[in-house]
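Dear colleague,

I am handing over the structure below, and my notes on it follow. Please read them with the model open beside you.

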Amino acid sequence: MAGYLLDELHDLGHLTLVLERRPPVSDLLLEIAHPLEGVASAVVRDDSGHGRASGAPSSEEHQCRAFQADVDGVRPSANAGCCPRDFGKNAPPLGARVGRPRAWSLLLVCASPKSSKKGRFVPVVVERTRTMNDFSRRGLLKVTAAAGAGAVVVPGVAAAEAPDASAVNDMAESAKCPPAKLTGRIVRPDDPNYAEASLGWDELFVHYPLVIVYAQKTQDVVNALTWARQHDVALRVRSGGHSLEGWSNVDNGIVIDVSELKSAHIDTATRTATVGAGLNQLEAVTTLAKKNLAVTTGTEGSVGLSGATLGGGFGFLTRYLGMACDSLIGAEIVVADGADCAKVINADLKNHSDLLWALRGAGNGNFGIVTSLTYKAAPLKSVTYVQATWDGLGDLHRIFDTWQRTAPVADNRLGTQVEIHRNQILLFAVLAEGTPTEAKKLLDPILSIGAPDVSVQVGNWGDVYAGFQIPTADEPANWKFFSQFTNKPFPRKAISVIASFMRDAPTDDSNFFTQAFGGAVRKSPRGGTAFPHRDALFYSEPGAGWGTRGEPGSGDELTSQAQAWIAEFSQALRPYVDGAYVNVPNIGMQDWETAYWGRNFDRLREIKAKYDPRNVFQYEQSIPPAFC
């Protein structure tokens, strides 16, 4: 529920939900048409915060509506606690034992007949013994503030127990491991650096984990995963901390952070590089560039290399070298083992090749915890970098249409991005192993439009890449995106949609970003990949950025406006786009399974059932095992 606004409560026993995003409500909150009677462990609190009643209040005292609410990333479970399920009108009674214990909660919004005249409504959450996944502090404040001054929210999770599904028990060993102990660098809530450690890049999402483990070696990850399973604690995996829906963090659970696994072993003879999963993209690019080698990465240096690669990964070198995952030839990964254990396996083209295929485009948080990655690098000595800026949006139609018809079919060495703001248009281009003269000639159809301000730089790829980085401290605190791929050029009407929304953008930092595809993207590497969008002309995303970093609550007054802008913008472009990018997820994405992975989703579920049959690695849009 954190990150959503619960707003007006109108009629007694009824409510209106006003969300910060605009997906179908059924994707987020599933109504259960049952009265409050039968709730096994509801707790209603009065204004003083003291428990006034335990058990189910009578319908004469409180009239309520009940909703299933996602607490820590898993929707209500059906088979063995692993699969999303819309209960609809066949919902079980409130308090029924359904699904995994930490999977969901029931949000009851109640009004007392005696107090409703005064506008006092009491949101209630069904609790259970193990309260490992409550709402975040910011989420509590949002819900409470929206519900009214007299409201008190009781955090908790469902009164449910883990199922005894034979399907899972038969698929995995039942042997228990010795009690695990957390190792590595441990950060807990009472540590002075906890606030910083628990904060991700996107400050729109604030969580309060029970413990954060910064792994120093692979065994630390094994210990942390085993510990989490033995203690039935929700877990999330984090590298660069750039999960754009906040899914690399969790309230009252364990965050297993691999960002300090920063080893790098480069074999120039074979052009292979094995790196720790903690390297960010800037570190990877500059390390490889010192050896005149490169792999595809995204453009933001602070993003984790592991996360970018495992979701696909694209940037300026995509048309030249393919997707980042195309260069991935091996990975060390910690997976769940047996009833409560963990083990290390290595996936490559000869061993666990099916898992390598899955990691190439669907590996983030679905199958295990990647601790190192091996890439086949390519030689790259120098690049030419071009940046062009047009003031205003007057030339947008001509610039965008020319770009979309030339960039995806240009020389494969040329990678380009267009970024549109409400007061300017930016073009960025990198020509691998090319000269300024070549670059300008290839870009002439675009650069000849209007009178852009153009700058050119030639140099080592690592130096150029480091040079265009923007310090994180200078970026807005809060971000929201909506990803999309395009297989056909945008018609004039679609470009007009972009112009209209950008003129009304909530902030100057808000933008519409595009990345040209084509070239090497169209060729899948040996062994294949789970990344499906190889026929796209280009990728695009509207993005809203607002607020000041390091200031809690900064930009809250713009949050609703920014969220609505993104939702309406993406909806307006839906007729012209196809699919979405898993590394830029959106909780409101409809049919996200096929949007991210297309026809590969069924095979991914089979692989999930093989390597994680108990669905240990799960979050809001994780892949469920096939047997569900």
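In helix H10, Ala 439, Leu 443, Ile 446 and Leu 447 are buried, where buried means under 20% relative accessible area, exposed over 50%, and partly exposed in between (1.4 Å probe, protein chains only). These four lie on the same side of H10, because they cover an arc of only 65° around the axis, the arc being that of the directions from the helix axis to the C-beta atoms. Thr 437 and Lys 441, on the other side of H10, are exposed. Helices (H or I, at least four residues) and strands (E, at least two) are DSSP runs, numbered from the N terminus.

This is a predicted model, in which local features need pLDDT of at least 70 and side-chain atom pairs count only at pLDDT 80 or more, whereas totals for chains, interfaces and linings use all residues. Residues are numbered from 1 along each chain as its sequence is written, and side-chain values use heavy atoms, with hydrogens and water left out.

The buried residues of H10 pack against strand S18 (383-391), helix H9 (396-406), strand S19 (414-420), strand S20 (424-432) and strand S21 (453-459), contact meaning heavy atoms within 4.5 Å.

An open sheet runs in the order S11-S12-S16-S14-S15 with antiparallel pairing, two strands being paired if DSSP finds at least two bridges between them. Strand S11 (264-267) and strand S15 (341-348) stand at the edges with a single partner strand each, so one side of each has no neighbour in the sheet. Strand S14 (residues 328-337) pairs with S15 in the antiparallel sense over 8 bridges, and the bridge partner of Gly 330 is Asp 348 in S15.

Helix H4 (residues 218-230) packs on this sheet, touching S14, S15 and strand S16 (369-376), and its direction makes about 35° with that of S14. Helix H8 (residues 353-362) also packs on the sheet and touches S14, S15 and S16, but its direction makes about 105° with that of S14. For these angles, axes are lines fitted to C-alpha atoms, for helices over the stretch in contact, and angles run from 0 to 180 degrees between N-to-C directions.

His 352, in the loop between S15 and H8, has a positive phi of about 50° although it is not a glycine, and His 352 is partly exposed, with a relative accessible area of 34%.
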